[in-house]
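Dear colleague,

I am passing on a structure for you to look through. My notes on it follow below.

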Amino acid sequence: MVKRALITGVTGQDGAYLTELLVGKGYAVHGMLRRASLFNTDRIDHLYHDPHVTGANLTLHYGDLSDGTALRRVLEKVQPDEVYNLGAQSHVKVSFEVPEYTADIDALGTLRLLEALRDHVAHGGRKVRFYQAGSSEMFGAAKPPQHEKTPFEPRSPYAVSKVAAHWYAVNYREAYGLFICNGILFNHESPRRGETFVTRKVTRAAGRIKEGLQGKLFLGNLEARRDWGFAGDYVEAMWLMLQQDKPDDYVVATGQSHSVRDLVETAFSELGLDWKKHVELDARYLRPTEVDALQGDASKARKVLGWRPTMDFKTLVKLMVKHDLGLAQQEKTLHRAGYDSPARGAASTGVG
Ligand code: NAP
Ligand code: GDP
């Protein structure tokens, strides 16, 4: 029997890596995506085949975490064995600008999906396993290293919403006996990371500065520390959680932490650039409340799931810099041929 997985947030960084992983394992993957006025499926286009072609193993369905009816309809249609709830307004700084929307999608959206799941399981009698995408941001002000027993001290509307989603998930597991796992994932990055997250913002800028396409990089707090891992490794942990005999919650992290300053230094020196000549502070990128230091203790995931990260910080930054240097070179070639590329979002909006 071919297993069926439903992924919300399939167009995101993790959605793309998870789809690749599951398709590789022989799953029929169904992704939920929001309608947009332009195509926003760049990250999964290489996995998508015309549904008229036999053997297509990624099917897309319109839906939105704000729309409970659509969630129910998609669940009924797909009849999944596993659901991965990755959909979210996932940017911490943006959550200060749109707190109500963030709560609606990240907290209430999870509740809507859990309600749909509860009824789907009760009426259909099928067993469904559910993964909830929790975040190290939930630990917030708690002292590192953070692990499953560390109390949450959220410091942003995003983090508060993710804490609510976490406890909804725990409650639905206990109240209705559903197979639900919370992954508490520390920051994970890749060349597919959104360009307003600090890693990608830095590696994009380093490549563009190297190619003479931009002169300055404006950043906020350089002292914050994060435990950065590779997204490809982290989706493996999501899958492993749903393959266990019992549902549980797990921290997923590398155990190593670096400052934003280390990140900038590593990325720029990879291209032979002196970051101090290019980086400037812009207060627009500071947050009203900051999370100073995240460093995860993933001993439980290592012991129970047999999971460990394959990529260290330096290798990850190198990979991203190499990718983004390639993008900058393409951009330069286009520029020379008379095509102008649009202004980069992170530099122009002030929310990245
Ligand atoms: P991402 O790249 O920002 O992707 C988020 C996905 O959610 C996108 O597919 C987005 O669709 C979708 N989405 C946004 N609003 C939605 C809505 N109203 N209804 C349905 N879908 C919606 O995030 P990611 O890095 O892949 O992260 C995946 C999940 O893990 C998120 O829940 C995030 O909060 C959580 N997480 C991430 C990290 C990390 O370091 N990456 C760490 C811990 C937890 P569009 O493409 O249409 O915008
Ligand atoms: P987060 O950990 O989910 O908030 O991931 P981000 O990549 O958005 O931010 C990581 C850290 O980098 C946070 O402590 C930010 O305050 C810090 N940071 C410093 N400058 C910037 C910036 O210009 N953009 C972003 N996104 N973060 C920045």
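How many residues surround ligand 2, and which are the closest? There are 19 of them, and the closest are Lys201, Arg226, Arg287, Glu290 and Gly352; a residue is taken as near a molecule if one of its heavy atoms lies within 4 Å of it.

Before the rest, some conventions. This is a predicted model, in which local features need pLDDT of at least 70 and side-chain atom pairs count only at pLDDT 80 or more, while totals for chains, interfaces and linings use all residues. Residues are numbered from 1 along each chain as its sequence is written, chains are lettered from A and ligands numbered from 1 in the order in which they are written, and side-chain values use heavy atoms, with hydrogens and water left out.

Ligand 2

Helix 6 and strand 8 each supply at least two residues of the shell around ligand 2. Helices (H or I, at least four residues) and strands (E, at least two) are DSSP runs, numbered from the N terminus. Oxygen atoms of ligand 2 lie 2.5 Å from a polar side-chain atom of arginine 287, 2.6 Å from an N or O atom in the side chain of glutamate 290 and 2.9 Å from one in the side chain of asparagine 187. On its own, ligand 2 has 530 Å² of accessible area, and the protein covers 98% of that (Shrake-Rupley method, 1.4 Å probe).

Helix 10

Helix 10 covers residues 313-336, which makes 24 residues. From its first C-alpha to its last it reaches 34 Å, close to the 34 Å expected at 1.5 Å a residue (1.5 Å times one less than the number of residues). Its buried residues are Phe313, Leu316, Val317, Met320, Val321, Asp324, Leu325, Ala328 and Glu331. Buried means under 20% relative accessible area, exposed over 50%, and partly exposed in between (1.4 Å probe, protein chains only). An α-helix has 3.6 residues a turn, so residues three or four places apart point the same way. The buried residues of helix 10 pack against several elements, among them helix 6 (198-210) and helix 8 (260-270), where contact means heavy atoms within 4.5 Å. Glycine 338 follows helix 10 and has a positive phi, near 100 degrees.

Salt bridges

The whole structure holds 20 salt bridges, each a side-chain nitrogen of Lys or Arg within 4 Å of a carboxyl oxygen of Asp or Glu. Glutamate 280 pairs with lysine 216 in this way, with the closest N and O atoms 3.4 Å apart. Glutamate 280 lies in strand 13 (residues 279-281) and lysine 216 in the loop between helix 6 and strand 8 (217-219), so the pair ties together parts that are 64 residues apart in sequence.

In a second salt bridge, glutamate 223 and arginine 261 have their closest N and O atoms 2.4 Å apart. Here glutamate 223 is in the loop between strand 8 and strand 9 (225-226) and arginine 261 is in helix 8, so parts 38 residues apart in sequence are tied together. Glu195, Arg200, Arg204 and Asp324 are joined into one network by salt bridges that share partners.

Backbone details

Proline 144 and proline 145 are joined by a cis peptide bond, with omega about -5 degrees. Proline 145 sits in the loop between strand 5 (129-135) and helix 5 (157-176). Glutamine 79, a residue other than glycine, has a positive phi near 50 degrees. Glutamine 79 is in the loop between helix 2 (68-78) and strand 4 (82-85) and is partly exposed, at 25% relative accessibility.

Regards

Terms used: A polar contact is a pair of N or O atoms within 3.5 Å; within protein, one must be able to donate a hydrogen and the other to accept it, and residues adjacent in sequence count only if both atoms are side-chain atoms.
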